[in-house]
Amino acid sequence: VALISISGENFSLNDVQFNQIGCFGSRLDHTSLHKQYDADGDQSIYLPHYSNEGELLIGLSNISAGDSASILFQVAEGSEDPEILPESINWSVLSNNFWKPLGSSQLVSDTTNRFLCSGIIKFVIPAEATVQNTIMPAGMIWLRATISKNSKSCCQLLDILSNAIELKFHDNNNDPSHLDRPLEKNKITKLKESIPAIKSISQPYSSFGGRPVESDNFFHTRVSERLRHKNRCITVWDYERMILEAFPSVHKVKCIPHSAYNPAKNSYCWLSPGNIVIVVVPDLTNKNSVNPFRPRLDSNTISQLNDFVTEHSGMQVNVKVKNPKYQEIEFRFGVRFKRGFEFNFYSEKLNQEIKEYLTPWAFNKDAELEFGGKIHKSTLLNFVEEQEYVDYITDFQMITYIDSESGIIASEVEEATPATPDSILVSKNKHTIFEI
């Protein structure tokens, strides 16, 4: 494709024109237009390029330059991949077919934390914004959010709603038990004192952030712990108790001293004084978890945890909060079922029984998830043999998958133990069971 060079003097002539055709429309291109509108300073005529991995386009009607917009972004919290580092979100507005970045004066506030949680973003539409554009439908102000890479680090969007505000509950001697559960959606339908400028009120989602009144037992526990750690993180015990108190969504914490993350090698060093690694496990009732057998805390809470721990620990201490590693255990064996027990059905049943035995906390909320521990091959062999539909088994193997810098290493062992202090032994989703 040959690019046409047009001098600034004959831009007004219609003999030769260069038009870019994009996803939603086209625009006339010229170096003079780039000098006026292109924020990147590219003075050449070029073909459309799409360098961002993800883009979100929002069209606003009945709004003008200089007005403000308050937009709710409802996301499925926990649907992001917490193992991917969050990327920054860049906002821009469409101005004469060019995207102008929004500055701090136009992006007033953002409570979504890079789309890691539901929140409200408040904009002030800059004077450069235009409604007569050709690369997007005309008649609207267009906003664009872009992410250059790692788009899976953002949560999945459920809804985008304009004219959003956040309300805070004010206690007027209400029944304390109402804080045990969130306020259901569509409960708020009107204002206490009507305002003529507001046509209607809607509450599309339930409330969030409430905590029930503290019981006497929890009060005595919290006060006793506070007298010991004095609201500062010094010992391992201090870190763990303060995190569990401040973050109800965290189920278990393990603080590993003298440990540090090496970003160059993407690995951890377990002999590094002055550094601390904190491994957190979320509440297992998290329904948005990608894999319920390997619960991971969402990136937004991990970010808040890092800030909280840094604020309460010494300035000379480097802290890293992370999700645990899950070291998979697989069993391979041949089996002969007793007469009358069909193989296809009971092999699936046996696979499920093994998973429940190895990871009971995934099926029973009262079972505790534990760091460390051991799994003996002989113990599982005896467990399988004791199933009422099993006649006998052969070629029984236990395989453990260890995550190393070079990749996943599989090895047959008689006794499985966690390879690193931040690892938890879990069952593989599918064990290899073949019929004798």
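What follows is a conversation about a predicted model, its sheets and its helices.

Visitor: How do you know which parts of this model count in what you say?
Guide: Because the model is predicted, local features need pLDDT of at least 70 and side-chain atom pairs count only at pLDDT 80 or more, while totals for chains, interfaces and linings use all residues. Residues are numbered from 1 along each chain as its sequence is written, and side-chain values use heavy atoms, with hydrogens and water left out.

Visitor: What pLDDT does the protein chain average, and where does pLDDT stay under 50?
Guide: The score is the predictor's confidence in each residue, from 0 to 100. On that scale the protein chain averages 85, and 89% of the residues score at least 70. Over residues 1–11, however, pLDDT stays under 50, and there the model has 19 contacts beyond four places in sequence, a contact being heavy atoms within 4.5 Å. Where pLDDT is low, the predicted coordinates should not be read in detail.

Visitor: What makes S3, S9, S5 and S6 a sheet?
Guide: Helices (H or I, at least four residues) and strands (E, at least two) are DSSP runs, numbered from the N terminus, and two strands pair if DSSP finds at least two bridges between them. S3 and strand S9 (residues 141–147) are joined by seven bridges and run antiparallel; in one of these places Leu-56 stands opposite Ala-145 in S9. The open sheet has four strands in the order S3-S9-S5-S6, with antiparallel pairing.

Visitor: Why are S3 and S6 said to stand at the edges?
Guide: Strand S3 (54–60) and strand S6 (98–101) each have a single partner strand, so one side of each is left without a neighbour in the sheet. From one strand to the next, the twist averages 30°.

Visitor: What is the order of the three-stranded open sheet, and which strands stand at its edges?
Guide: Its order is S11-S14-S15, and the pairing is mixed.

Visitor: Why are H2 and H3 called oblique?
Guide: Angles under 35 degrees count as roughly parallel, over 145 as roughly antiparallel, 65 to 115 as roughly perpendicular and the rest as oblique. The axes of helix H2 (residues 216–229) and helix H3 (residues 236–246) come within 10 Å and cross at roughly 140°, and H2 and H3 are therefore oblique to each other. H2 passes H3 in a left-handed crossing, the term for a near helix turned anticlockwise from the far one by less than a right angle, with right-handed for clockwise.

Visitor: Which residues of H2 and H3 meet, and how do they divide by class?
Guide: Arg-222, Glu-225, Arg-228 and His-229 in H2 meet Trp-237, Asp-238, Arg-241, Met-242 and Glu-245 in H3. They divide into two nonpolar, one polar and six charged, where Ala, Val, Leu, Ile, Met, Phe, Trp, Tyr, Cys and Pro count as nonpolar, Asp, Glu, Lys and Arg as charged, and the others, Gly among them, as polar.

Visitor: What makes H3 oblique to H4?
Guide: These helices pack at an angle of about 130°, with their axes 11 Å apart, and that makes H3 oblique to H4. Their crossing is right-handed. The contact is made by Tyr-239, Met-242, Ile-243 and Ala-246 of H3 and Leu-305, Phe-308, Val-309 and His-312 of H4, with seven nonpolar, one polar and no charged residues.

How values were computed:
Axes fitted to C-alpha atoms, helices over the stretch in contact; angles between N-to-C directions.
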